[in-house]
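Reader: I would like to go through this structure with you. Could we take the chains and then the sheets?

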4 protein chains.
Amino acid sequence: MADDTMRAFVLKRVGEVGVVEKPIPEPGPNDAVVRTTAAMVCTTDVHTMKGVISVAPGVTLGHEAVGVVHAMGSAVEGLSDGERVAVAGVTPCFQCENCQRGYTSQCSGRMMGGAVFTNQADGNMAEYFLVRNARANLAPISETLSDHQALYATDMLSTGFLAAEHAELELGDTVAIFAQGAVGLSATIGCRLRGAGLIIAVESIPWRQELARRFGADVIVDHTHDDPVRRILELTDGQGVDAAIEALGTPGTWEATFRVTKPGGRISNVGYHGDVNEPLKIPLEPFGYGMSDKQVYGGLNRGGRERLRRILRLMEHGNVDPTPMTTHEFGFDEIERAFRMMETKEDGIIKPLIRFE
Amino acid sequence: MADDTMRAFVLKRVGEVGVVEKPIPEPGPNDAVVRTTAAMVCTTDVHTMKGVISVAPGVTLGHEAVGVVHAMGSAVEGLSDGERVAVAGVTPCFQCENCQRGYTSQCSGRMMGGAVFTNQADGNMAEYFLVRNARANLAPISETLSDHQALYATDMLSTGFLAAEHAELELGDTVAIFAQGAVGLSATIGCRLRGAGLIIAVESIPWRQELARRFGADVIVDHTHDDPVRRILELTDGQGVDAAIEALGTPGTWEATFRVTKPGGRISNVGYHGDVNEPLKIPLEPFGYGMSDKQVYGGLNRGGRERLRRILRLMEHGNVDPTPMTTHEFGFDEIERAFRMMETKEDGIIKPLIRFE
Amino acid sequence: MADDTMRAFVLKRVGEVGVVEKPIPEPGPNDAVVRTTAAMVCTTDVHTMKGVISVAPGVTLGHEAVGVVHAMGSAVEGLSDGERVAVAGVTPCFQCENCQRGYTSQCSGRMMGGAVFTNQADGNMAEYFLVRNARANLAPISETLSDHQALYATDMLSTGFLAAEHAELELGDTVAIFAQGAVGLSATIGCRLRGAGLIIAVESIPWRQELARRFGADVIVDHTHDDPVRRILELTDGQGVDAAIEALGTPGTWEATFRVTKPGGRISNVGYHGDVNEPLKIPLEPFGYGMSDKQVYGGLNRGGRERLRRILRLMEHGNVDPTPMTTHEFGFDEIERAFRMMETKEDGIIKPLIRFE
Amino acid sequence: MADDTMRAFVLKRVGEVGVVEKPIPEPGPNDAVVRTTAAMVCTTDVHTMKGVISVAPGVTLGHEAVGVVHAMGSAVEGLSDGERVAVAGVTPCFQCENCQRGYTSQCSGRMMGGAVFTNQADGNMAEYFLVRNARANLAPISETLSDHQALYATDMLSTGFLAAEHAELELGDTVAIFAQGAVGLSATIGCRLRGAGLIIAVESIPWRQELARRFGADVIVDHTHDDPVRRILELTDGQGVDAAIEALGTPGTWEATFRVTKPGGRISNVGYHGDVNEPLKIPLEPFGYGMSDKQVYGGLNRGGRERLRRILRLMEHGNVDPTPMTTHEFGFDEIERAFRMMETKEDGIIKPLIRFE
């Protein structure tokens, strides 16, 4: 392989993925190029592989990666060559009007426009990757943190925390979280961090239930044994919870969030509902025919150096450790196997770690 | 008629209304009895008359009234006999947990539990009416205000302002308001008061269009001539509005609010969706498959003396005058005719004023 | 002692306290009478004893107590005789305009008007005590909680949590807390519950330092060895913290909060500054000459059943245990000794528990 | 004068200002160069001239200007050569951590770091000026707006609106604004836009009083005839206002804001307190000894294209017209005279407009 080329894991065509050789990217004035040291596969990557999210053939997959600064554009400040950095899965410009309004996920006036990796440009499941607006998006990683820990800041914790933030919990509030995959588990961590008084996690897989408990869930509801709506109402004396989080992306869990919340409750969605080709339905009576004071919010990872730094700080001082979510570990050569396992969810996989070194 | 009886306008059975004689109510320790001087009919009363909202036969209708304090319970403070007072259409206790959380419309743990008049007890379309939790719910009316003006504080302005508040406008934001009935017009007033930079009102009836302009709409879209979604996108350079208000209560306008808002936009519902017996549908693509940062809120009149006082203050200093919305005026003897006109909306009726004296 | 009398611990005159006999109170329509089972002494009680806070001679002291419902007024709903209840130190009406605005501590238009116990009526360091607006202010205590635990909800946790709430922490934010008395320690618990990324506690007394660590402080700064301003800036790479909490009530700690916060930082005061008879001073340069985007907030315990319930819930599920703050325990006969120790702070006293049974 | 030079109005040394020749600036990759068409002088410029704000000799003065795009850096998007643009007086990067936290005025971790013009680089009282981070900071001006109108968006309205935003007004709230210079008048406009129910403006100069009335003040208090604290309390039935705005920068008006606000009130500072070399004093009793629930906020112009666009929009649709504040007009050759008049405030000057063409 020539000195200026690298290996990249790409979408060849819908359903087909693999490693190809690509040129190492060159930075424009506001860009940085990062040499990847570790990455993780996200369920969104699998959606992309399967064509649920449509991207250009040949694009490099992946949006959860950490590494070291390899090259920087002339206008990039505040970073040094060789510095260890984390990059969020969403990399907004922070300068357009949507970003200035605070909706950085919706960068450049485009719905989900901050989701650059894979969707608008190459992702970062490659030996090197380009980061636009590098000054706003690269966060230094403290020596006390491993790559493994830092990776969780790039997407899972940031997204799960967003779900918890949109739940707008007052201290001691009650919350139900539908599904305990990596995002749901991160939402559980987030709700514990925001001072929930009762966290009810809905999940049937034993290892996920165990992690949910470890991360702060007070009660687990197994929807294969219990009707979760009925059970959550029981657990809250018929009142319902102050907030419900949808971290799965199915019509059933979406509708359940309305049924389990009390008047004035918040519904916080981080599930992706692109799988099913029909409108989301809000059941009328639990929504008070439009007058229940229920609030619905749906968002995604906000990105940015400042948010990354805050999430990393929670790990630096030992207040959060998400690494038990990592069920499997692979070398770069084994990425395709990691993708396939994420598709089938076999062997209880939650998050696979990919080591580049 | 005996000294201790009064005339009340009641629901005899679904579809049948009329005046009956009832005893003048006696106050409990925290109650007040108000002698009615003026009232207005609300579209909700018509829903009740038609059975869309189910209430007990014989109940007095109405929830928009002003009058003078006739009698007070032993524990009521801060009011004097004979004082002119306004009472909101929603009369929460302000003491239960939902009220303490700030969701006073959802009083006593019941969805819309603050809607006491007509729904849980007699309404106030009678010569006298009882107000529970009087200390929290009666607001003195300044001498400079007419009964006519004060009536608008009891429901229309409070509800329309709520719609504007949930639109969470930043100064100069853009907003579209679907329908310019009395609540929609009040939302227009509210959005102007919150500093909207562009108010687009969707309405086809000429007098309502004229009022919308007078109350602050910058552009009127007539949905009988134009597709409002297309037109609103055009008017905002394809970006969509920062917020959309649903003040009608139909599936079509509800769905349109999602289509006309930009990512990060707010959908504020004050339409009652109990007419149609099916779930509310959120179109997927304009909702970003759950990830658009759009926020949905549905509520109703919050009630309470403090809110009434603030709304009355806006009229006291001449900053707001909603009375042009009053298209018709009746004596108490003509109430049924007012109800029938509100049902058919004949003669361009918006709000009918009922004088008791 | 007659059947209708009780023992009460009162302020006889400034500096002199002791037990007297008083009639057991009778409830008005909205009141309840509680038979006390346990109480705690607060530093505010000591201020009152010393005359810093001026009250009527003969008034019963105390505002942190739990017990069982002994009698209820005719209009009180939602409670049963004999029910175990907690009552906050601040008992607002929740119906006046300040309460409706959400400023329940400032009830009835009076600064700190919600502080009824001792200041406007008898406190609750007596065998029985009267609670006004009982429906809004009494919270049932779950069987799983001890009186000892529930007592912390009445003032210390509620006040410390308020400090944390006014710090408006984003997940991972940095915060400095000045002094780790019972309120400061409760603020430390509160900041951990809100997801602080770095909590710096300023304290010199070893047992308080130890508790601070146990409750979540990441770093302790001993102001008798280090200049806390310099040290906090060092610990934050010269940036300052996102928020600083003043939990002592001295001019020096107040001014320090401005010096240690970054631009856009929050200063949250729960210290009582009535001891020193001079204005509070804001140092100009750290306040950006008025333009630093720093936000200053000073409040007190908000009270109310709903807040109590949320705080109790945090203890019910084992997420919070403040009882290690209790350094001493006394019977009712020994209350005066507890007061004297709170005055001198001898023997490392933080909170003394008074058992009535 | 050579083709590549321009005239600039500079600070020669403290107290001495004048026109010099300078090279026309060249843009870096993220910069733009604007050819100035109109500008205004700000009181801050006078502070700078007098040395109260310390800057490097030779620096170009001014930070309120509009013009047309003359040149752009290679990485600047979303603008065209020759486009008419407004630039805020504060030009943040929007990418550093303080900007990402939303405190754009405090850009780059520096207190008031967004105040680039004059303080960190040349101002814009020159025939051409350089704008850093142009993409985030240049806002197109609609054809329907004059340069004169657009100039008000760059600082006066943005700063006055910030004052109104920090007053956190609910609809119908009461507010007192201390001083009706250009910023105070803009705050009056802002409070009217946010739906204040009663605006009390404190001012003694007749033309300013007249403008205050025109822009929405309901009552004028002349502090040369009345004690404003006493008068404001009278006007609010002894309750005080919900919010007070300090738009002057003197110890007396600062302290008055605490005395006129009710418990739970907001104090919003936009006055610059660098003139007097002593701490700001908060009077104890009106601050409830730290427990009044009063909130204090001090900030400055936030800058940015998105905010500019919203302010411009309010003028485009005729909802705001600040131009009556312009009392004088000068050519570029007469700038020094405008500065001297702003220093002495002679001839009732409020804002002088400088035309470059």
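Reader: What rotation superposes chain B on chain A?

Author: In this predicted model, chain B is superposed on chain A by a rotation of 180 degrees, with 0.0 Å of shift along the axis and an RMSD of 0.0 Å. That is the relation of a two-fold axis.

Reader: Through which surface do the copies meet?

Author: They meet through the same surface, because 100% of the interface residues of chain B are also interface residues in chain A.

Reader: Turning to the sheets, in what order do the strands run from E10(A) to E10(B)?

Author: The order is E10(A)-E9(A)-E8(A)-E11(A)-E12(A)-E14(A)-E14(B)-E12(B)-E11(B)-E8(B)-E9(B)-E10(B), which makes an open sheet of 12 strands with mixed pairing. Strand E10 (219-221) of chain A and strand E10 (219-221) of chain B are the edge strands, each pairing on one side only. On average, neighbouring strands of this sheet are turned by 15 degrees against each other, direction ignored.

Reader: How many bridges join E8 to E11 in chain A, and do they run parallel or antiparallel?

Author: Strand E8 (residues 174-178) and strand E11 (residues 241-246) of chain A run parallel and are joined by 4 bridges. Ala176(A) has Ala244(A) in E11(A) as its bridge partner.

Reader: Which strands does helix H8 of chain A touch?

Author: Helix H8 (residues 228-235) of chain A packs on the sheet and touches E8, strand E9 (198-202), E10 and E11 of chain A. The direction of H8 makes about 155 degrees with that of E10(A).

Reader: And in chain D, what is the bridge partner of Ile245(D)?

Author: The partner is Ser268(D), in E12(D). Strands E11 (residues 241-246) and E12 (residues 261-269) of chain D run parallel, with 5 bridges joining them.

Key: Residues numbered from 1 in each chain as written. Chains lettered and ligands numbered in written order. Predicted model: local features only at pLDDT ≥ 70, side-chain atom pairs only at ≥ 80, totals over all residues. Pairing = 2+ DSSP bridges. Helix = DSSP H or I, 4+ residues; strand = E, 2+ residues; numbered from the N terminus. Least-squares fit on C-alpha atoms with pLDDT ≥ 70 in both. Contact = placed C-beta atoms within 7 Å. Axes fitted to C-alpha atoms, helices over the stretch in contact; angles between N-to-C directions.
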